[in-house]
Amino acid sequence: MNLRIVFAVAAVALVGVAAGVYVSYWQKSAGPVERPATPKAIPELRFVDEAGRQHSLADFRGKVVLLNVWATWCEPCREEMPALDRLQAKLGGARFQVIALSVDQPGAAIAHKFYSEVGIKALSLYIDPTAKAAFVLDAPGLPATLLVDRNGREIGRHLGAVKWDAPEVMERLQRAMTAE
């Protein structure tokens with residue numbers, strides 16, 4: 001085997017192991033909605049709704065937002081979407097909003113088809129037409145979820161699927177909504 005190929009395979013394996021260790025540590029180090037020491041500013045993030053209207057996180061100021069970056073090709077994303085839909089149905093309103101932000105490059109059509117297939121009813125459809133949201137938010141994988149306070153600052157983060165409508169998770173989200 002060519003020495004370059006051996007080094008390339010070894011380098012890829014090393015990066016994979018490092019990423020796995022990092023993600024494993026990150027997921028175990030905090031619950032899905034635990035607060036960091038101080039709220040953190042979020043880079044500007046623009047996206048569109050199903051009708052093509054422009055939005056940013058600033059449009060949701062005044063609400064606690066659970067921003068979930070997902071894609072139809074991501075199996076853990078597909079698994080958690082019904083729980084996000086139930087969470088929005090139970091808690092969504094004037095004080096709380098789930099923003100499920102699709103990074104599918106085919107756009108609204110594929111995400112809308114997925115919503116129909118799975119029976120998503122309470123979640124509005126938002127699309128990142130650049131598919132760069134995970135990079136902008138410094139998320140190493142999908143699904144990536146940020147808890148955003150009423151002032152648009154990150155107060156929690158989780159990488160990976162969560163049963164968002166589980167009683168203990170909903171209780172933590174309700175505490176975040178009343179903490180401000």
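This is a predicted model: local features need pLDDT of at least 70, side-chain atom pairs count only at pLDDT 80 or more; totals for chains, interfaces and linings use all residues.

Mentor: Start with the buried residues of H3, which pack against E4, helix H2 (75-91), E5 and E6. Contact here means heavy atoms within 4.5 Å. Helices (H or I, at least four residues) and strands (E, at least two) are DSSP runs, numbered from the N terminus.

Trainee: OK. Which residues of H3 are buried?

Mentor: Ala 111, Phe 114 and Tyr 115. Buried means under 20% relative accessible area, exposed over 50%, and partly exposed in between (1.4 Å probe, protein chains only).

Trainee: Why do they end up on the same side of H3?

Mentor: Because they cover an arc of only 100 degrees around the axis. That arc is taken from the directions from the helix axis to the C-beta atoms. The face turned away from the buried side of H3 carries the exposed residues Ala 109, Lys 113, Ser 116 and Glu 117.

Trainee: Which strands does H3 lie across?

Mentor: Helix H3 (residues 108-118) lies across strand E4 (64-70), strand E5 (96-102) and strand E6 (125-127), and runs at about 150 degrees to E6. Axes are lines fitted to C-alpha atoms, for helices over the stretch in contact, and angles run from 0 to 180 degrees between N-to-C directions. Just after H3, Gly 119 has a positive phi of about 85 degrees.

Trainee: Switching to the sheet. What is the strand order?

Mentor: E1-E8-E7-E4-E5-E6-E2-E3, an open sheet of eight strands with mixed pairing. Strand E1 (40-41) and strand E3 (54-56) are the edge strands, each pairing on one side only. Two strands pair if DSSP finds at least two bridges between them.

Trainee: How many bridges does E4 make to E5, and do they run parallel or antiparallel?

Mentor: Seven, and E4 and E5 run parallel, with Asn 68 opposite Ala 100 in E5. Strand E7 (residues 144-148) is joined to E4 by five bridges and runs antiparallel to E4; there Leu 67 stands opposite Leu 146.

Trainee: How many residues of E4 are buried?

Mentor: Seven of its seven. Val 64, Leu 66, Asn 68 and Trp 70 are on one side, and Val 65, Leu 67 and Val 69 on the other. In a regular strand the side chains alternate between the two faces of the sheet.

Trainee: Last one. Which residues touch the most other members of the largest nonpolar core?

Mentor: Of its 49 residues, Leu 66, Leu 67, Met 81, Leu 87, Phe 96 and Tyr 115 do. A nonpolar core is a set of buried Ala, Val, Leu, Ile, Met, Phe, Trp, Tyr and Cys residues joined through side-chain atoms within 4.5 Å. Strand E2 (46-49), E4, H2, E5, H3, E6, E7 and helix H5 (167-178) each supply at least two residues of this core.

How values were computed:
Residues are numbered from 1 along each chain as its sequence is written. Side-chain values use heavy atoms; hydrogens and water are left out.
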